[in-house]
Amino acid sequence: MLRIALISLLVLNFFLFFILPVKDNDFGWHYRCGAEFLTQGKLCLSNDYAYFLPGYHWAYPSFLYDVSLAGIFNHFGFVGVSVFGAIIFTIIYLIYFFLLKGPTAFRIVLIIGTIALSWSIFSLGYRSQILGLLFFMVELLILERSLWLIPILFFLWANSHASFFLGPLILAVYGIRFLQNRTGLKQYIFIFAISIGATLINPFGWRIYWEIIQHFNSPLNTMIAEWTRPEDWQIIIIVTGIIFSLALSIKNKTFRDYRFLLLVIFGIFAFSARRNLPLYYLVFFYFLSQQIDWKKFELDFVFVSVLLGGVLFFGLNLSEMLSDGAFTKEAYCRNLSLPCEAIQVFTFDSGNIFNTYEWGGYLVWKLPTNKIFVDGRMPAWQDENGESPYAVFLKILQTQPGWNEKLTQLNTKYIFIGRGTFLDLLLQKEKEAYGWKEEYRDNIAVIYKRT
C-alpha cells in the first residue's frame, strides 16, 4: 500500500508540476496547419504561408501533433494545451519510473535529476518535441517487452515529430545483442524492416528522411538558440557522466550493453545542441540505475512526506498561475514578447510582410490573409543561392548591402519588426529615401509601409 501511495503521489506531483504556460514560438503555424486540416482537409505540404520561397515543398512530419493541438486549442484554449502537455509529461516519467531499477526513493531522486538538468528545455511547456520524447520513452519500454509493437510506434512517431529518426537508430543499436547471440536474429531483421516501412506511411513518404538530412547539413547552431551548444557546466556533466559510465561498464563488463552505446550517442547529440539534453540525461540515469547495485534504504516514509508537500506546493503554485492569467493569450504574448497589441490595433491591407523571425509562427496564425517572410518552419530550407531564409532575413534586418532591393524584388509591402533593430534605426532617419513610411510604433514593434 505504501508503494502504491508513493507512486500515486509521484504521478500527481508530475501532473501539477508540468502544467506550464505555452512558450513555443512555433505554436501559430502548427495550429494553423492543424486547423486547416480539421476545417478543409488540407495538409501542409508546401509553403503557402510565406512569400519567400513560395510553394517550397517541405516534409516536416508533425501531422498528428498539429491536428491534436488545433483540436485541443479550439475547445479548451491554452489551458487545455497546458493540461494535455502535463498529461504527456506525466506519462513520460511514469514510464521512466518503471524502467529505472532500484528502491522507489532512489528512482525518484534520479527522475528529479533528469528534470532539473533538462529544465531549460522543459520550461518552454508542451510542444512537438515533447511528443517526440514520449515516443522515445515508449520505445525504450517496448525494447524490454515486445518488439512487435515497434512498427505501430514508428508509424505514430513519423507522423508527429522529426525526431522519429531516433527510433530506427535506437532499434539498430539494440540489434547488437542479436549479433552476439544469434537467437532471434531473423525475427529482429524482419521487425526492423517492417518498422522502417511503417515510417514511410505519412503524407510525405520518403522525403521525411531528406528533411532530416537537410537539418543535419544546415548550420542551425548559428541561427537558433536551442540548437547551440550547452553551457560549459552542462558539457562538464555530460563528459563526466560518459567517463563514469565507461568505468562502470568496464567494471561490470557491460560496455557492450546497448544502453551504454545509446548513452555515448546521445551524449554526442547533447554536446552539439542543448535541445538534446533531455535525451542524454534520460538515458544516462537509466543506464546508471542498471549498473549500480542499489542497497535498500528505508526512506519511503520520508518521500511520502516530501511528495505530499510537493502536491501542496505545486497545487498552490498552479492556483496562483491560474489567478494571474498565466494560461491566457495575453500571457502567451507577454512570455514571448510577441507584437499582439500591434496586431489588434493596426489593420494590414493585403500584401507581403517582412517580419521578425521569432514572430513568424504567430503572424501565420493571426494574419491568414497576408504572407510573411520567414517563420520557424524555414531555417533548414535553402534558396537558389543555397542560403537559409533565416540568413537572408538577418542580412535584411542588419541592412547589409542590397537589403532594400531584395525587399523590392520580392514585392514587400510592409516591414513588421522589433523597434530598435538596425533596420528600424536606419528607417527612422532615411525612410523617405528608401521609399518607406512609418505607420505604427509601440514598445515592442514598429510597422513601415512602402510608399
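A residue counts as buried under 20% relative accessible area, as exposed over 50%, and as partly exposed in between, using a 1.4 Å probe and protein chains only. The structure is a predicted model, in which local features need pLDDT of at least 70 and side-chain atom pairs count only at pLDDT 80 or more, while totals for chains, interfaces and linings use all residues. Residues are numbered from 1 along each chain as its sequence is written, and side-chain values use heavy atoms, with hydrogens and water left out.

| Residue | Relative accessible area | Class |
|---|---|---|
| C33 | 4% | buried |
| C44 | 15% | buried |
| L53 | 14% | buried |
| S337 | 43% | partly exposed |
| D424 | 0% | buried |
| R441 | 26% | partly exposed |
| E438 | 29% | partly exposed |

Helices (H or I, at least four residues) and strands (E, at least two) are DSSP runs numbered from the N terminus. Strands are taken to pair if DSSP finds at least two bridges between them. On this basis 5 strands make up an open sheet with mixed pairing and the order 2-1-3-5-4. Its edges are strand 2 (371–372) and strand 4 (436–441), each of which pairs on one side only. Strands of a sheet pair through backbone hydrogen bonds, in a parallel or an antiparallel sense. Between strand 4 and strand 5 (residues 445–450) the sense is antiparallel, over 5 bridges. In this pairing, Y440 stands opposite I447 of strand 5.

Helix 21 (residues 422–434) lies across strand 1 (352–355), strand 3 (412–418), strand 4 and strand 5. Relative to strand 4, helix 21 runs at about 135°. Such angles run from 0 to 180 degrees between N-to-C directions, with axes fitted to C-alpha atoms, for helices over the stretch in contact.

**Disulfides**

A disulfide is a covalent bond between the sulfur atoms of two cysteines. Here the criterion is a pair of cysteine sulfur atoms within 2.5 Å, and a search of the whole structure returns 2 disulfides. Counting bonded cysteines along the chain, the pattern is 1-2, 3-4.

One of the disulfides is formed by C33 and C44, with their sulfur atoms 2.0 Å apart. The torsion about this S-S bond is -115°, and the link is left-handed. C33 belongs to helix 2 (residues 27–40) and C44 to the loop between helix 2 and helix 3 (63–99), so the bond ties together parts that are 11 residues apart in sequence.

The other disulfide joins C333 to C340, with an S to S distance of 1.7 Å. The torsion about the S-S bond of C333 and C340 is about -90°, so this disulfide is also left-handed. Both of these cysteines are buried.

C333 is one of the buried residues of helix 16 (residues 329–336), together with A331, Y332 and L336. Their cover includes helix 2, helix 3, helix 17 (340–345) and helix 18 (360–366), where contact means heavy atoms within 4.5 Å.

Most residues other than glycine have a negative phi. S337 is located in the loop between helix 16 and helix 17. Another positive value is that of L53, a residue other than glycine, with phi near 55°. L53 sits in the loop between helix 2 and helix 3.

**Salt bridges**

With a salt bridge defined as a side-chain nitrogen of Lys or Arg within 4 Å of a carboxyl oxygen of Asp or Glu, the whole structure contains 13 salt bridges.

Among them is the pair R127 and E226, whose closest N and O atoms are 2.8 Å apart. This pair links distant parts of the chain, 99 residues apart: R127 is in the loop between helix 5 (119–122) and helix 6 (128–143), and E226 is in the loop between helix 11 (207–217) and helix 12 (232–252). Both R127 and E226 are buried.

D424 and R441 form another salt bridge, with 2.8 Å between the closest N and O atoms. Here D424 in helix 21 is linked to R441 in strand 4, 17 residues apart. The side chain of R441 also meets that of E438 in a salt bridge, at 3.0 Å from N to O.
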